[in-house]
Amino acid sequence: MKKLPNIRRRGVSSSSAEWVDVRPLLGDRAIPMLITPKVPGLELGEWAKDNRVFIDELFAKHKALLFRDFDSDGIEGFERFVELASDTGRLEYKDRSTPRDTYGDRIYNATVYPAEQTINLHNEGTYWVTWARRIFFACATNAETGGETPIGDVGNVYDRIDPVIRDEFAAKGVLYVRNYNDGFGLTWQNVYQTEERDEVIEYAANNRIELEWKDGDRLRTRQRRPAVRLHPETQRPLWFNHAAFFHVSALDPHMRETFLTELGEDELPYNTYYGDGTKIEDDVVRHILGAYDAEKVAFRWKEGDVALYDNMQIAHARQPYTGERLTLVAMTDAYTGPEDVA
Ligand SMILES: [Fe+2]
């Protein structure tokens with residue numbers, strides 16, 4: 001009876017751990033967990049086919065997984081891996097905040113945004129009604145310098161934020177206000193991926209977005225969302241919003257000045273308020289950005305890398321870069337959160 005050494009592997013295929021090494025990428029940080037093949041020539045999709053249970057266990061435990069040094073099969077290989085490592089089909093990028101190109105079926109490039117700018121930590125789609133539980137990145141072309149996609153645990157971000165500020169947001173939620181076709185930022189046609197107002201009206205009705213059509217084909221939208229979400233499995237509170245990200249004070253000073261002079265506060269491409277419509281103070285935004293910064297973990301991409309993040313728990317960012325950079329993104333496992341703020 002004593003000879004039962006290897007059978008208690010909690011359903012994990014006995015080959016899983018034998019084919020790969022699993023360890024933190026950065027010794028002193030919990031995220032991301034690095035998974036590398038022990039043998040050369042192992043293709044990621046091929047390996048994933050037999051190891052879904054193992055991947056899911058790692059994902060549930062570590063939230064952020066980085067697959068490195070597998071044989072990569074380009075965009076198609078990425079697409080296959082995404083399919084094998086997710087439960088539902090890929091989500092579309094509607095209600096966009098940045099322009100994107102498409103590679104294959106619902107595989108996108110990461111935000112097209114000036115290379116010299118930083119993109120702050122954010123979870124994808126916190127202002128949507130339905131968002132992705134899983135977000136995948138692939139490094140197709142690595143930048144010459146920079147271009148990292150830093151990550152941060154928004155459960156920890158929540159813990160770092162002053163409880164007074166947290167409670168105010170938890171009670172009021174966040175109001176996102178956007179303006180389109182004023183000559184700055186995206187057009188509503190690009191954001192909603194249609195030329196038809198009727199389609200925007202239908203999308204808005206289904207996604208709790210308030211529309212205000214203005215003269216000259218201009219549009220203002222308002223969406224009110226909770227600021228804090230509970231993780232569906234662990235019930236841990238998560239700082240899951242774009243309150244600081246889209247706030248006017250988070251713009252670089254030059255852009256902020258231009259926007260405010262040319263447009264005025266009511267016509268900004270985007271801005272955020274407390275859910276009751278009152279202004280979020282600049283120092284509150286600074287405090288929140290500081291909490292994100294303290295959780296920010298950056299590491300250099302290696303071409304062929306594929307990352308899988310829990311989009312509710314792990315925020316991502318982008319560092320400035322030089323040279324060419326192509327990072328692919330896919331979102332899966334759609335999740336509709338409980339309705340808005342009480
Ligand atoms: Fe993003």
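1. The area buried between domain 1 and domain 2 is about 2400 Å², and carbon and sulfur atoms give 57% of that area. Buried area here is the accessible area (1.4 Å probe) that two parts lose on being put together, summed over both. Domain bounds come from an automatic or database domain assignment: domain 1 is 16–145 + 300–333, and domain 2 is 157–291.

2. This is a predicted model, where local features need pLDDT of at least 70, side-chain atom pairs count only at pLDDT 80 or more, and totals for chains, interfaces and linings use all residues. Residues are numbered from 1 along each chain as its sequence is written, and side-chain values use heavy atoms, without hydrogens and water.

3. Look at the contacts (heavy atoms within 4.5 Å). Domain 1 puts 27 residues against 30 residues of domain 2. One salt bridge (a side-chain nitrogen of Lys or Arg within 4 Å of a carboxyl oxygen of Asp or Glu) crosses the interface.

4. Now the iron ion. Its protein donors are His 122 (NE2), Glu 124 (OE) and His 316 (NE2), at 2.1 to 2.2 Å. Donors are N, O and S atoms within 2.8 Å of the metal (3.2 Å for Na, K and Ca); water is not among the atoms, so sites may look incomplete. His 122 and His 316 are 194 residues apart in the chain.

5. Finally, Thr 327. Its relative accessibility is 3%, so Thr 327 counts as buried. Thr 327 touches Trp 301 and Phe 137, among others.

Definitions and conventions:
Buried means under 20% relative accessible area, exposed over 50%, partly exposed in between (1.4 Å probe, protein chains only). Helices (H or I, at least four residues) and strands (E, at least two) are DSSP runs, numbered from the N terminus. Lists of a residue's contacts leave out its neighbours within four places in sequence.
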